[in-house]
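User: Please go through the salt bridges and the surface of this model with me, one point at a time.

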Amino acid sequence: MKMNTKQNLYELWKLFVTFVKIGPVTFGGGYAMIPLIEKEIVHKQGWVKSSDVADVFALAQSIPGAIAINVAAFIGYKMKRTVGAVAALLGVLLPTFLIVLGLCIGFLYVRDNPYIVAAFKGMGAAVVALIVYAGIKTGRTSIVDISTLLIAIVALLLLLYLQVNSILLIVAGGFVGIIVMQVKRVARPKSREKHIEEGHS
């Protein structure tokens with residue numbers, strides 16, 4: 001019993017520490033954390049498969065709240081149910097809260113400093129690179145055929161030109177995915193029968 005308790009506490013501590021490392025690098029929103037999420041949770045800890053990372057972020061984006069917080073809650077709950085979700089949430093929130101608090105206090109004194117302004121511009125450019133990298137990594141696991149490529153292109157065009165709500169896009173993408181799957185399922189037996197007939201002839 002003591003061993004089980006120690007093991008549970010150790011696993012909760014690992015969840016907390018892992019998200020403590022992830023929390024401070026969520027500049028520019030949750031998408032910037034995908035590279036670190038994959039490194040820590042997939043490669044180091046083995047909690048999630050690499051192919052499932054895109055699904056986790058799609059789920060996190062489709063519900064209210066910050067992506068980083070939603071992902072932490074999802075992974076924590078997956079590993080240790082409610083207690084795990086709390087540990088992961090504390091991990092991702094605590095360093096960010098302390099950093100923001102410190103920055104708010106410090107920024108009041110240095111906000112007009114040209115070096116600080118230049119530093120924030122440089123950080124913004126670096127965040128763009130992280131988000132692009134995250135998009136490429138997610139695309140490799142999500143875009144697997146022509147239908148998913150077309151869904152991605154249409155969604156991007158809708159975002160760029162019509163500024164459609166991202167939640168509506170994700171929900172619509174889910175419905176389109178179901179329809180495409182059903183069409184493929186109906187078409188597969190027909191193509192197989194045609195192949196058999198051609199073989200006999």
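**Salt bridges and a surface patch**

Analyst: In this predicted model, Glu-40 and Lys-21 are joined by a salt bridge, with 3.2 Å between the closest N and O atoms. The pair links distant parts of the chain, Glu-40 being in helix 2 (residues 34–44) and Lys-21 in helix 1, 19 residues apart.

User: Is Glu-40 buried or exposed?

Analyst: Buried means under 20% relative accessible area. Glu-40 has 4%, so Glu-40 is buried.

User: How many residues apart in sequence are the parts tied together by Lys-80 and Glu-11?

Analyst: The side chains of Lys-80 and Glu-11 form a salt bridge at 2.7 Å, N to O. Lys-80 is in helix 4 and Glu-11 in helix 1 (residues 2–22), so the parts tied together are apart in sequence by 69 residues.

User: Which helix gives the most to the nonpolar patch?

Analyst: The nonpolar surface patch has about 1100 Å² of accessible area together, and its residues include Leu-94, Ile-105 and Phe-120. Helix 4 (67–110) and helix 5 (114–142) each supply at least two of the patch residues. With nine residues, the one that gives the most is helix 4.

Terms used
Residues are numbered from 1 along each chain as its sequence is written. This is a predicted model: local features need pLDDT of at least 70, side-chain atom pairs count only at pLDDT 80 or more; totals for chains, interfaces and linings use all residues. Side-chain values use heavy atoms; hydrogens and water are left out. Patches are made of residues with over 30% relative accessible area and no salt bridge: like charges are joined within 9 Å, nonpolar side chains (Val, Leu, Ile, Met, Phe, Trp, Tyr) within 5 Å. Accessible areas come from the Shrake-Rupley method with a 1.4 Å probe; for residues, only the protein chains shown count as cover. A salt bridge is a side-chain nitrogen of Lys or Arg within 4 Å of a carboxyl oxygen of Asp or Glu. Helices (H or I, at least four residues) and strands (E, at least two) are DSSP runs, numbered from the N terminus. Buried means under 20% relative accessible area, exposed over 50%, partly exposed in between (1.4 Å probe, protein chains only).
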